[in-house]
Amino acid sequence: KVLVVPIVVVSLICGVCSLGDDTSRLGPIAAKTLCLYLLTTAIAISLALGAALLVKPGAGIDKSTDTEFVAKEAPPLAEVLLNLFPTNPIEAMAKGNMLQIIVFALLFGLAISKTPGAHGDRIREFFESLNEVVMSMVNLVMKFAPLGVFCLTAALFGQIGFSILGGLAKYFLTVVVVLLLHGALTYGGLLTVLGRLNPVRFFMK
């Protein structure tokens, strides 16, 4: 979680900066990205809901809590659009408001690409170097992630025993199967249709 905001900010700024002065491509790229995001998200949700209704991975696991979820009323569309733009980008990053962070990063990257001369070049090079550092940090965290997951799981079993092992295994296998289906069918199909690539060869590499 500590890496989510730095990755989003730095990678988006670098991505927009890489367009250079030719920002005419930004509109079509943003539109295609949004359409692709909505399509893949809709497919992922459909696969997940279908598998959950079919397998019912949570059946048999009775872990009562005192928490009650109350859904908030959806805000008006105008308010949603206004809230995309942060009044304080630092506050948006501190609170992890991803939409505001994305909008700010896009605007900042666009401003860098529009800044002529050495000023814009220095800032762009700084963020490109920062991107490499953040990626190194991701690799470092990923090396310790399995140990952290093991400790959390061991503590869970120490508290509630192995009685829910069957239910958890069912849930785990459901998640893995749906992820594999989504990766193979959805992204494999996109590679074939849009990328004109052999998905098997692509995944092997």
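In this predicted model, helix H1 comprises 14 residues, spanning positions 4-17. The distance from its first C-alpha to its last is 20 Å, close to the 20 Å expected at 1.5 Å a residue. Several residues of H1 are buried, namely Val5, Val8, Val9, Val10, Ile13, Cys14, Val16 and Cys17. These buried residues pack against three helices: H4 (89-95), H5 (98-114) and H6 (117-160).

The largest nonpolar core of the model contains 13 residues. Within this core, the residues with the most contacts are Val9, Ile13, Ile101, Ile112 and Phe127. At least two core residues are supplied by each of H1, H5 and H6, and the largest share, seven residues, comes from H1. In soluble globular proteins, nonpolar side chains tend to be buried together.

When neighbours within four places in sequence are set aside, Ile13 is in contact with Ala105, Phe108, Gly109, Ile112 and Phe127. Two of these partners, Ile112 and Phe127, are also listed with Ile13 among the core residues that have the most contacts.

A nonpolar patch also occurs on the surface, formed by Tyr171, Phe172, Leu173, Val175, Val176, Leu179 and Leu180. Together, the residues of this patch have about 700 Å² of accessible area. One of them, Leu179, is found in helix H7, which covers residues 165-193. Leu179 is classed as exposed because its relative accessible area, 56%, lies over the 50% cut-off.

Notes: Residues are numbered from 1 along each chain as its sequence is written. This is a predicted model: local features need pLDDT of at least 70, side-chain atom pairs count only at pLDDT 80 or more; totals for chains, interfaces and linings use all residues. Side-chain values use heavy atoms; hydrogens and water are left out. Helices (H or I, at least four residues) and strands (E, at least two) are DSSP runs, numbered from the N terminus. The expected span of a helix is 1.5 Å times one less than its number of residues. Buried means under 20% relative accessible area, exposed over 50%, partly exposed in between (1.4 Å probe, protein chains only). Contact means heavy atoms within 4.5 Å. Patches are made of residues with over 30% relative accessible area and no salt bridge: like charges are joined within 9 Å, nonpolar side chains (Val, Leu, Ile, Met, Phe, Trp, Tyr) within 5 Å. Accessible areas come from the Shrake-Rupley method with a 1.4 Å probe; for residues, only the protein chains shown count as cover. A salt bridge is a side-chain nitrogen of Lys or Arg within 4 Å of a carboxyl oxygen of Asp or Glu. A nonpolar core is a set of buried Ala, Val, Leu, Ile, Met, Phe, Trp, Tyr and Cys residues joined through side-chain atoms within 4.5 Å.
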